[in-house]
Structures are given as C-alpha cells and as structure tokens.
Amino acid sequence: MGRVRDIRVSLTPDYLATDALSGSTAVAIDVLRATSTMLTALAAGARAVIPCATIEEARSVSVETRWAPTLLAGERAGRKIDGFDLGNSPAEFNPGAVKGKTIICTTTNGTLAILACRRADRVLIGAFVNFSTVCEQLAASEGTIHLVCAGTDGQPTLEDTLFAGAVIDYLSATGDINPNDAGRMAWDSFENHGRILSAAFEVSAGGDNLIRAGLAGDLKLCAAVDKLAIGAEVRFDPPRIEVATAGIKRQHWPHKNQGSLR
Ligand code: MLT
C-alpha cells in the first residue's frame with residue numbers, strides 16, 4: 001500500500017491544534033479577501049507582505065522599516081484603515097501601486113490565520129486565484145497537511161471551506177488520503193458548491209459583508225480560479241510572505257464553468 005496523506009482542516013484558527021503543526025505543511029486560507037489580495041500583490045511585483053495581528057503592530061513595523069519602500073495595507077469591517085495607504089481589495093494592488101514595495105498588512109481574520117500557522121514546517125498561502133499552484137506545492141510536500149481557514153468574524157465561512165474541499169478533492173485523485181471530519185465536511189461542501197463558486201461567495205457571510213460595503217466586485221476577483229500562477233510561502237521570525245514558486249504545470253480545477261445560483 002502507498003502512503004496515506006493525513007489532511008486536517010481547521011474551519012477557523014480556533015480549531016487548530018498548534019502543537020500538531022510540527023513536521024507538517026500548512027496552508028493559510030482567507031479567500032475573501034486577505035490571501036487573494038496578498039497573492040495579487042506579490043504577482044504585481046510587491047517584494048513581500050508582512051502580516052501583522054493588529055493595527056498598532058502594523059504601524060510600528062512601518063516605523064521600524066521607514067528606510068525601505070513600504071505601504072501600509074489592510075482593513076477593519078472591510079474598509080481601509082485610517083491613515084493606511086491601501087485597503088484589502090485585490091483591485092488596489094496593481095503594479096503601479098505595489099511594484100518593488102513591501103506591504104505591511106493587517107486584516108480582521110486573514111493575518112491571524114497566517115500567524116496561527118507559525119509552528120508548521122512550511123506555510124503556504126492559498127486562495128482560488130492560485131488553486132492549481134497550491135495543489136502542486138502540496139502534491140510535492142511531505143507529512144500531514146493542515147488547511148487552516150480564516151473564517152469570518154470567528155465563524156466558519158463557506159468560501160474558505162470550499163477552498164479546503166477543492167484541495168482535498170484534488171489530493172484524493174493523487175493517492176490515498178485520510179481527512180479529518182472537518183475535511184470530509186469541506187469536501188462534501190465542495191461537491192455541492194464547487195460548480196457555482198461566485199454564487200456561493202454571494203451567499204456566504206464574508207461575501208455578504210463585502211456586498212453591504214459596496215465591494216461586490218471583489219467577489220469576482222477572488223473567484224477567478226488560477227488567475228495567478230504563483231505560489232507564496234511564509235517565513236517566520238519575523239513573519240514575511242514571499243513568492244516561492246512561479247508557474248504551474250497544469251490546471252487542476254475540475255469544473256468547466258462556474259454556473260450561477262440565480
Ligand atoms: C479578513 O481578514 O477578515 C478579510 O480579509 C476581510 C476582508 O474581506 O477584507
């Protein structure tokens with residue numbers, strides 16, 4: 001019998017047993033919008049993204065690194081933070097704005113999920129925009145896989161769960177897998193909602209927050225499967241996210257179109 005891949009999904013970082021991370025590869029997931037936006041920034045030429053837990057910490061990192069070209073970015077309640085250069089919309093992170101810059105970033109849930117993964121051997125950044133790259137990074141990795149969903153305001157959220165389910169669906173086709181119960185729930189959820197990604201985002205709590213904030217356009221940007229052919233990885237002490245892989249061998253998304261609920 002070949003190896004069996006253990007896969008552990010945490011529907012929010014609160015469910016993550018951080019002691020179990022040693023020897024594993026973790027994927028931090030905040031589809032709406034932190035990880036989608038960070039990947040967009042790196043693909044647009046940002047040098048790195050520094051994830052911070054709080055607004056105060058982000059401001060103090062910005063002061064400590066004032067000699068370098070940096071931008072302060074992030075959100076609270078979906079909106080740009082007072083005095084920051086950028087919010088958390090992928091549309092803002094174009095080459096004109098971010099090329100060559102280091103982005104110091106704090107978001108409500110996403111940056112916390114990334115920082116919660118720090119004890120893993122490797123921490124990847126996952127979103128639908130780089131789905132196939134993450135699949136290939138994981139297929140080439142060893143040990144247990146932790147798929148760590150940021151959730152929305154402390155609760156599990158559909159779009160992150162769907163991403164975890166999509167990755168499990170891919171891994172199930174590459175060999176024997178052993179998902180935990182949350183992993184099986186995510187996989188089942190993907191079976192139902194994977195074909196209607198944009199519509200699923202619209203009915204999720206995170207999507208609803210964005211629509212109410214007038215940011216509905218971001219849902220489409222974050223549902224653009226494999227728009228970016230980059231992998232990103234987090235190094236710690238101090239935390240810093242950089243491009244780790246450029247280019248995917250092939251696309252692994254199983255659906256031809258994304259349909260609609262409406
Ligand atoms: C978060 O970290 O909570 C999100 O990225 C929120 C948002 O959509 O801006």
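Me: How many disulfides does the count come to here?

Reply: A disulfide is a covalent bond between the sulfur atoms of two cysteines. The rule asks for a pair of cysteine sulfur atoms within 2.5 Å, and the count comes to zero. Cysteine 135 is in no disulfide, with the nearest cysteine sulfur, that of cysteine 149, 14 Å away. Cysteine 149 is in none either, and its nearest cysteine sulfur, that of cysteine 117, is 10 Å away. Bear in mind that this is a predicted model, where local features need pLDDT of at least 70, side-chain atom pairs count only at pLDDT 80 or more, and totals for chains, interfaces and linings use all residues. Residues are numbered from 1 along each chain as its sequence is written, and side-chain values use heavy atoms, leaving out hydrogens and water.

Me: Is cysteine 149 buried or exposed?

Reply: Buried means under 20% relative accessible area, exposed over 50%, and partly exposed in between (1.4 Å probe, protein chains only). Cysteine 149 has 0% relative accessibility, so it counts as buried. Cysteine 135, also at 0%, counts as buried too.

Me: Which polar atoms lie by an oxygen atom of the ligand?

Reply: Look for polar contacts, pairs of N or O atoms within 3.5 Å. A polar side-chain atom of asparagine 109 is 2.5 Å from a ligand oxygen. For alanine 34, a backbone N or O atom lies 3.0 Å from an oxygen of the ligand, and for leucine 32 a polar backbone atom is 3.4 Å from one.

Me: How much of the ligand does the protein bury?

Reply: Accessible areas come from the Shrake-Rupley method with a 1.4 Å probe. Alone, the ligand exposes 270 Å², and the protein buries 92% of that.

Definitions and conventions. A polar contact is a pair of N or O atoms within 3.5 Å; within protein, one must be able to donate a hydrogen and the other to accept it, and residues adjacent in sequence count only if both atoms are side-chain atoms.
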